[in-house]
Amino acid sequence: MKLTESEWKIANCLWENKSMTIAEITDELSESTGWTRFTVITLLKRMLEKGAVSFVQEGRTKIFSPAIEKSEAENEEVESLLDKVYNGNAGLLISNLIGSEKLTPEQLEEIRKMIEDI
């Protein structure tokens, strides 16, 4: 399941808060995104169709929760990136990260330790 950038924003809210109403999601994201309640509803509808979120009805209120684990969505995203950009070659991804000079010395050390532990 591939989430769009907008769907990631909602998913991150739900992963952080466990469950939220449409109003709570809108309040949480409105300042950074400018989204209205209607935008949030549209995105949640798409996410429901994908199976990324679920909800329970409490009276007139729907309470949304993530239907997938964050790690599952992250793994899907990494696999998609690897396939699309690096033809499945994780070594090229790591090489590109190291060569980009965007990693801090601490991050480089962390990668080195991960590789040594394999």
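In these legends, contact means heavy atoms within 4.5 Å. This is a predicted model in which local features need pLDDT of at least 70 and side-chain atom pairs count only at pLDDT 80 or more, while totals for chains, interfaces and linings use all residues. Residues are numbered from 1 along each chain as its sequence is written, and side-chain values use heavy atoms, with hydrogens and water left out.

View 1. Helices (H or I, at least four residues) and strands (E, at least two) are DSSP runs, numbered from the N terminus. Reading along the sequence gives the pattern α-β-α-α-β-β-α-α-α. With a radius of gyration of 18 Å, well over the 13 Å that the globule rule gives for 118 residues, the protein is more spread out than a compact globule. That radius is taken over C-alpha atoms, and the globule rule is 2.2 Å times the number of residues to the power 0.38. Along its principal axes, the C-alpha trace spans about 55 × 25 × 25 Å. Of the 118 residues, 25% are buried; here buried means under 20% relative accessible area, exposed over 50%, and partly exposed in between (1.4 Å probe, protein chains only).

**View 2. The hairpin of strand 2 and strand 3.** Strand 2 (residues 53–58) pairs with strand 3 in the antiparallel sense over six bridges. Two strands count as paired if DSSP finds at least two bridges between them. Look for V56, whose bridge partner in strand 3 is I63. Two residues separate the strands of the hairpin, and G59 in the turn has a positive phi of about 70°.

**View 3. Strand 1 beside strand 3.** Strand 3 (residues 61–66) also pairs with strand 1, in the antiparallel sense over two bridges. M20 stands opposite F64 of strand 3. T21 belongs to strand 1 and counts as buried, at 17% relative accessibility. Leaving aside neighbours within four places in sequence, T21 is in contact with T61, K62 and I63.

**View 4. K18, with a positive phi in a residue that is not a glycine.** The phi of K18 is about 75°. You will find K18 in the loop between helix 1 (5–17) and strand 1 (20–21). K18 is exposed, with a relative accessible area of 60%.

View 5. Phi of N87 is near 50°, a positive value in a residue other than glycine. N87 is exposed, at 73% relative accessible area. Just after helix 5, E101 takes a positive phi of about 60°.

**View 6. T36, in the loop between helix 2 and helix 3.** Helix 2 covers 22–33 and helix 3 covers 37–50, with T36 in the loop between them. T36 is partly exposed, with a relative accessible area of 41%. To place T36 within the protein, take D83 as a reference: the two residues are 47 apart along the chain, and their C-alpha atoms are separated by 35 Å.
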